[in-house]
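Have a look at the model first.

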Amino acid sequence: MIHNQIPTDIHFMRRALELASLGQGSVSPNPMVGCVIVHNNRIIGEGWHQKYGSWHAEVNAIHSIQEHDLELLPESTVYVTLEPCTHFGKTPPCSDLLIEKKVRRVVIANVDTNPLVGGKGIEKLKNAGIEITTGILEKEARWLNRRFFTFIEKSRPYIILKWAQTADHFIARLDFNSRWISNDWSRRLVHKWRGEEPAIMVGTTTAQYDNPRLNVRDWTGEDPVRIVIDRHLRLSPSLHLFDQTQTTLCYNLKKDESREYIQYIKCASESTFLAEMMVDLHQRKIQSVIVEGGSKFLQELILSDLWDEVRVFTSDQTFGTGIAAPAFGGTLIDKISIKKDQLLVFIPVTDSYKQSIYTR
Ligand SMILES: NC(=O)C1=CN([C@@H]2O[C@H](COP(=O)(O)OP(=O)(O)OC[C@H]3O[C@@H](n4cnc5c(N)ncnc54)[C@H](OP(=O)(O)O)[C@@H]3O)[C@@H](O)[C@H]2O)C=CC1
Ligand SMILES: Nc1c(N[C@@H]2O[C@H](COP(=O)(O)O)[C@@H](O)[C@H]2O)[nH]c(=O)[nH]c1=O
Ligand SMILES: [Zn+2]
């Protein structure tokens, strides 16, 4: 590659990433993918993967090209955030399409670690004589698709732990009342987040005392699948979680049972409970989950290294006494003030690829 091509490649890949991000919340368990087609520094086509099961980014980008520009394809560069696919999934392989259109060059951010694709797309394009560049904005693209890559590489959902704590680090009063620690604006942001993940999870005591709805009310977005831990089936069926307005999965040690909106999933033992739950969630293709407490359950996940992001709101209220917030160690990657609340975002210390984005 000619050295001075890199700033140009970064410029157009940034646009492709921007387009990819428009698929957030609609494409899971697929990755978000964006594509930009460029001829002589002019964008002639753009597209992104818009919905699970629908056309891939490359197809949408090619379809967006105006009739009179189609002849430019053999002299064009395709910027795509993920290696083009080679398999017949819900749509035909994108690598075949790019070969058929005889594009000159393909620039890729991430090689796909999906075993169905893994390097095969690049190989196929190269064999067809197409020039390939990889690794442009690789870390940024991996961060955007962190849910997808974690799901594929760790065979479990990407796990976001979220809680609100007082300035003296309590998540509830001693009588289990936690309404409300964070302010209206922070809680509205949480509703946006709920719409961004396919599933939301809480522990038994939280389900019992808060009787949460766990839906998206203060933002627009699809309601996530609700997941509750109730190992000994102590929860009352009259809770909102079981109101049949949305699917609820209940992981327990007692029974397997499937009803229209409620599925009880039995894990074999206490000691393997969390691991079994992860296997089951992976099988159900639940790519990510936001865990909204309580403290005990969050702590169990932290102790088992089952987390990828912590988002914690700290308000200016103090309780003096109460249920302590979970303890954890992580690397701070973001800090935002929301009126008087402070939102801090952490990732595990060991996640070097994510950290490198923030420490450059
Ligand atoms: N401020 C905030 O952001 C939030 C505050 N809250 C507050 O927190 C309080 C409840 O929190 P807390 O008392 O900590 O309870 P939790 O809601 O965390 O309930 C404890 C959970 O941990 C499970 N558990 C315990 N040990 C294990 C293990 N080894 N493996 C797997 N699971 C395990 C329990 O299972 P089981 O019981 O089935 O045995 C139960 O589901 C409420 O007052 C609520 O209002 C809740 C959420 C958020
Ligand atoms: N108290 C508290 C939170 N509590 C979380 O919100 C849940 C209630 O959800 P819903 O019934 O859908 O409104 C509750 O069970 C707990 O998980 N969240 C916050 O952002 N800030 C707060 O101060
Ligand atoms: Zn494809």
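Q: What makes a stretch of chain a helix or a strand here?
A: Helices are DSSP runs of H or I with at least four residues, and strands are runs of E with at least two. By that count, residues 7-133 are 30% helix and 22% strand. Keep in mind that this is a predicted model.

Q: What does UniProt place at residues 7-133?
A: The record, an unreviewed entry, puts the feature "domain: CMP/dCMP-type deaminase" there. In the model, the end C-alpha atoms of that stretch are 13 Å apart.

Q: How do you know that S182 makes a polar contact with ligand 2?
A: Check the distance against the cut-off. A polar contact is a pair of N or O atoms within 3.5 Å. An N or O atom in the side chain of S182 is 2.6 Å from a nitrogen atom of ligand 2, so the pair counts.

Q: Which backbone atoms pass that test with an oxygen atom of ligand 2?
A: R213 has a backbone N or O atom 2.9 Å from an oxygen atom of ligand 2. For E292, the backbone distance to an oxygen atom of ligand 2 is 2.6 Å. As for cover, the protein hides 93% of the 520 Å² of accessible area that ligand 2 has on its own.

Q: What makes up the shell around ligand 2?
A: There are 17 residues around it, and S178, I181, S182, R217 and E292 come nearest. The elements that give two or more residues are β6 (158-165), α7 (184-196) and α8 (204-210). The most come from α7, with 3 residues. By class, the shell has 6 nonpolar, 3 polar and 8 charged residues.

Q: How do you know which residues surround ligand 1?
A: A residue is near a molecule if one of its heavy atoms lies within 4 Å of it. For ligand 1 that gives 26 residues, with T204, T206, D210, R231 and R234 the closest. At least two residues each come from β6, β7 (170-172), α8 and α10 (295-303). Sorted by class, this shell holds 10 nonpolar, 9 polar and 7 charged residues.

Q: Why do T205, S295 and E300 count as polar contacts of ligand 1?
A: Go back to the 3.5 Å limit. T205 has a polar side-chain atom 3.3 Å from an oxygen atom of ligand 1. S295 uses a backbone N or O atom, 3.1 Å from an oxygen atom of ligand 1. With E300, a polar side-chain atom lies 3.2 Å from a nitrogen atom of ligand 1. The protein covers 89% of the 940 Å² of accessible area that ligand 1 has on its own. Ligand 1 also sits in the largest pocket.

Q: Which peptide bonds are cis, and where?
A: One joins R179 and W180, with omega about -25°. W180 is in the loop between β7 and α7. Another runs from G293 to G294, with omega near 0°. You'll find G294 in the loop between β13 (288-291) and α10.

Q: What is the phi of H169?
A: H169 is not a glycine, yet its phi is positive, at about 70°. Look for H169 in the loop between β6 and β7.

Notes. Residues are numbered from 1 along each chain as its sequence is written. Chains are lettered from A and ligands numbered from 1 in the order in which they are written. This is a predicted model: local features need pLDDT of at least 70, side-chain atom pairs count only at pLDDT 80 or more; totals for chains, interfaces and linings use all residues. Side-chain values use heavy atoms; hydrogens and water are left out. A polar contact is a pair of N or O atoms within 3.5 Å; within protein, one must be able to donate a hydrogen and the other to accept it, and residues adjacent in sequence count only if both atoms are side-chain atoms. Accessible areas come from the Shrake-Rupley method with a 1.4 Å probe; for residues, only the protein chains shown count as cover. Ala, Val, Leu, Ile, Met, Phe, Trp, Tyr, Cys and Pro count as nonpolar, Asp, Glu, Lys and Arg as charged, and the others, Gly among them, as polar. UniProt positions are given in the numbering used here, feature names are shortened, and annotations may be inferred rather than shown by experiment. On a 1 Å grid over the protein atoms alone, a cavity is a set of points where a 1.4 Å probe fits but cannot get out, and a pocket is an open set with protein on both sides within 12 Å along at least five of seven lines; lining residues have an atom within 4 Å of a point. A molecule sits in a cavity or pocket if more than half of its atoms lie within 2 Å of its grid points.
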